[in-house]
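Here is a structure to work through by question and answer. Keep the sequence and the 3D view open side by side.

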Amino acid sequence: MIYRFALLIIAAAVLISGCAKASTEPLAPAGHEAVVVAGAQDIVPDPAKKVYLTFDDGPNSYFTKLILDILKQSGVKATFVVIGSNIEKNPEVFKRILDEGHSVVNHTFCHDYKKLYESPEAFLSDLDRCDKIITAFGGKAVKIYRAPGGSSRLNQDFYEFICSSGYKTLDWNVSSADSDPKGIGKEQLVSNVKNGVINMEKMEKAPIILMHDGTEIYLGLENPGEAVENYIRSRESDVAALPEIIDFLKSRGYTFAGVDEHTPPAW
Ligand SMILES: [Zn+2]
């Protein structure tokens with residue numbers, strides 16, 4: 001179970017060069033008075049300029065809480081793309097997600113590619129099972145889902161069958177590449193997100209950022225193996241990178257929105 005998640009490869013970030021970092025330093029041209037450039041905390045968010053932070057595969061008993069703490073301290077809303085079986089394992093964490101006003105998106109009950117992609121009926125039945133868990137544990141019925149691995153895994157039959165059942169697909173257009181099986185460091189993760197966001201600005205699209213709070217894993221193993229170690233390192237990087245990512249988005253005037261039926265398609 002752990003290895004399957006640890007070995008997931010989702011789309012790599014589209015990297016572009018020349019990332020422009022918003023300056024918070026006062027500019028003092030020679031012979032002129034200093035011009036103070038506003039810091040992220042001074043920028044007034046533009047309600048029309050929305051960004052969607054999305055965290056996949058939880059809720060889990062450790063990293064999800066750390067992410068919730070950062071979101072709370074920063075005063076921003078995000079979206080948790082939840083697995084039904086993880087809600088059953090961590091109902092109190094799921095309740096905290098709801099209580100703190102974040103959005104929830106259905107990410108299937110089992111997240112098991114072999115079962116899900118067996119047939120459109122199998123996929124839909126698993127989505128419905130997650131939807132029931134979400135409502136049973138206090139959430140609203142969610143007719144928005146993200147396919148494990150992304151919608152590129154769904155062929156036309158799957159896609160049409162799921163759509164005709166009333167579900168709307170949520171993809172992403174900015175990947176942190178935090179599901180790299182080799183693991184990812186904080187700096188690379190931040191850089192991937194910044195570059196992806198700038199790329200979406202050029203395309204005039206609302207960034208939908210893919211990160212992972214991650215599935216439930218046991219952190220106490222003495223020798224967890226390389227795959228699990230890499231998985232944990234990536235989750236630590238997600239947590240370490242998040243404050244910088246939030247500051248970057250604030251400095252560019254974004255409003256942090258939760259995914260809902262009005263969220264534009266990623267592509
Ligand atoms: Zn997933």
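The model is predicted.

Q: How many helices and strands are in the protein chain?
A: The chain has 267 residues, and 41% of them count as buried. Its DSSP runs come to 9 helices and 8 strands.

Q: Among contacts between residues at least 6 apart in sequence, what percentage join residues at least 24 apart?
A: Two residues are in contact if their C-beta atoms lie within 7 Å. Take the contacts in the protein chain between residues at least 6 apart in sequence. The share that joins residues at least 24 apart is 80%.

Q: Which exposed residues sit on the face of H4 turned away from its buried side?
A: Helix H4 spans residues 91-99, and its buried residues are Val93, Phe94 and Ile97. They cover an arc of only 100 degrees around the axis, so they lie on the same side of H4. In general, an α-helix has 3.6 residues a turn, so residues three or four places apart point the same way. The face of H4 turned away from the buried side carries the exposed residues Glu92 and Asp99.

Q: Which helices and strands do the buried residues of H4 pack against?
A: The buried residues in question are Val93, Phe94 and Ile97. Their packing partners are helix H2 (63-74), strand S2 (79-82), helix H3 (84-89) and strand S3 (103-106).

Q: Which glycine follows H4, with a positive phi?
A: H4 covers residues 91-99. The glycine that follows H4 has a phi near 85 degrees, and it is glycine 101.

Q: Which residues does valine 51 touch, not counting residues up to four places away in sequence?
A: Leaving out residues up to four places away in sequence, valine 51 touches Ala206, Pro207, Ile209, Leu249, Tyr254, Phe256 and Ala257.

Q: How many nonpolar, polar and charged residues are in the contact of H8 with H9?
A: The axes of helix H8 (residues 186-202) and H9 come within 9 Å and cross at roughly 40 degrees. The crossing is right-handed. Lys186, Leu189, Val190, Val193 and Lys194 in H8 meet Ser237, Asp238, Ala240, Ala241, Glu244, Ile245 and Phe248 in H9. By class, this contact has 7 nonpolar, 1 polar and 4 charged residues.

Q: Is threonine 108 buried or exposed?
A: Threonine 108 lies in the loop between S3 and helix H5 (113-116). Its phi is near 75 degrees, a positive value in a residue other than glycine. Because threonine 108 has 27 C-beta neighbours inside 10 Å, it counts as buried.

Q: Is alanine 177 buried or exposed?
A: Alanine 177 is in the loop between strand S6 (174-175) and H8. Phi of alanine 177 is positive, near 60 degrees. With 22 C-beta neighbours inside 10 Å, alanine 177 counts as buried.

Q: What is the C-alpha to C-alpha distance between serine 125 and threonine 108?
A: Serine 125 is found in helix H6 (residues 120-136). Serine 125 has 14 other C-beta atoms within 10 Å, so it is partly exposed. Serine 125 and threonine 108 are 17 residues apart in sequence, and their C-alpha distance is 9.0 Å.

Q: Which residues does aspartate 131 touch, not counting residues up to four places away in sequence?
A: Aspartate 131 is also found in helix H6. It is buried, because 21 other C-beta atoms lie within 10 Å. The C-alpha atoms of aspartate 131 and asparagine 106 are separated by 6.6 Å. The residues that aspartate 131 touches are Asn106, Ala141 and Val142, not counting residues up to four places away in sequence.

Conventions:
Residues numbered from 1 in each chain as written. Predicted model: local features only at pLDDT ≥ 70, side-chain atom pairs only at ≥ 80, totals over all residues. Buried ≥ 20, exposed ≤ 12 C-beta atoms within 10 Å, placed from the backbone. Helix = DSSP H or I, 4+ residues; strand = E, 2+ residues; numbered from the N terminus. Arc of directions from axis to C-beta. Axes fitted to C-alpha atoms, helices over the stretch in contact; angles between N-to-C directions. Left-handed = near helix turned anticlockwise from the far one by under 90°. Nonpolar A, V, L, I, M, F, W, Y, C, P; charged D, E, K, R; others polar.
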